[in-house]
Amino acid sequence: MELKELEELNDYVFSEEEEEVAAEVNKRGKKRKRNGRRKKRERDKITKQEEVVVLQDPLEVFGGDIMLLILGKLDARSVALSLLVSRAWHGVASSDSLWTSKCEELWLGKAHVPRLALVPGLPKLAAYSLSVMDGKRNRIMKEDLCDHVWEFHFNKVVPEYWRNLDPYWKGTSPLMHRYFHMDGSQTADPGDKVWGGHECCYSIVTSVAGEGKIREHYVRINRWPHMFVSRKQDWSWEMSNILYCYSSVPDAHKEGGTGPF
């Protein structure tokens with residue numbers, strides 16, 4: 001815009017009607033600004049209120065009884081993580097009333113329940129933790145051998161004569177059973193055609209490499225080939241070699257549990 005045009009614009013005299021329109025526009029603009037600032041203050045206030053609600057401890061808001069009901073719906077791992085929140089949370093999340101049901105869920109369908117988890121007076125949180133640890137144990141102990149009844153059957157590679165004596169291969173019941181004793185001996189059911197009444201003893205052999213790692217672990221009966229040990233998902237045991245196999249019979253109902261302390 002040229003200088004002359006600017007001078008003419010500055011010299012322009014607005015009419016009364018034009019001034020009223022300009023004043024009205026200016027008034028509306030100021031009103032919009034005030035409304036905008038008011039709405040912003042209201043939004044900020046609501047946001048701060050929401051932040052206060054969010055930052056409140058659920059334990060303080062709902063109380064211990066309600067939180068127990070909520071935690072009871074969570075899986076054991078989530079409840080265990082809540083123990084780390086605070087001392088107050090630890091007090092609620094470690095409650096026996098909460099972990100009793102978690103232990104029952106854990107033990108459901110398991111072949112064996114560890115003796116160390118059923119010690120009278122032991123907190124249920126500790127019982128759950130010890131059960132999980134024992135369920136991962138692959139090193140069999142004498143107490144494991146002696147506490148359980150063991151089903152015995154031959155493998156397919158043995159001569160047919162022996163398989164014909166084995167109810168496992170004939171499809172009949174009951175299966176043959178073996179029993180381990182703390183004095184190192186082993187026995188069978190009376191009338192067992194395979195057993196034959198001979199004396200039997202067993203040994204557990206474990207060799208450890210550096211840093212406590214187990215290099216070799218097996219059970220051997222008399223001079224027969226040693227049996228490698230494995231653990232199933234239901235916490236039952238299996239011992240086997242090329243000739244035969246031992247499987248622990250489920251006994252989760254056994255009072256006081258089984259296995260070592």
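**View 1. The cavity of the predicted model.** A search of the whole structure, a predicted model, returns 1 cavity of 30 Å³ or more (on a 1 Å grid over the protein atoms alone, a set of points where a 1.4 Å probe fits but cannot get out; lining residues have an atom within 4 Å of a point). The largest cavity holds about 50 Å³ of space, a volume being the space filled by probe spheres set on the points. Its lining includes His112, Asp134, Arg137, Arg231 and Trp237, and divides into 4 nonpolar, 4 polar and 4 charged residues.

**View 2. The largest pocket.** About 310 Å³ of space lies in this pocket (an open set with protein on both sides within 12 Å along at least five of seven lines). Of its 16 lining residues, Phe152, Phe154, Val194, Trp224 and Tyr244 lie nearest the centre. The elements giving two or more residues to this lining are β1 (150-154) and β8 (244-248). By class, the lining has 13 nonpolar, 2 polar and 1 charged residues.

**View 3. The open sheet.** The order of the 8 strands is β3-β2-β1-β8-β7-β6-β5-β4, with antiparallel pairing (strands are DSSP runs of E, at least two residues; two pair if DSSP finds at least two bridges between them). β3 (186-188) and β4 (202-208) stand at the edges with a single partner strand each, so one side of each lacks a neighbour in the sheet.

**View 4. Strands β6 and β7.** β6 (residues 227-231) and β7 (residues 237-240) run antiparallel and are joined by 4 bridges. Ser240 in β7 is the bridge partner of Phe228.

Residues are numbered from 1 along each chain as its sequence is written. In this predicted model, local features need pLDDT of at least 70 and side-chain atom pairs count only at pLDDT 80 or more, whereas totals for chains, interfaces and linings use all residues; side-chain values use heavy atoms, with hydrogens and water left out.

Notes
Nonpolar A, V, L, I, M, F, W, Y, C, P; charged D, E, K, R; others polar.
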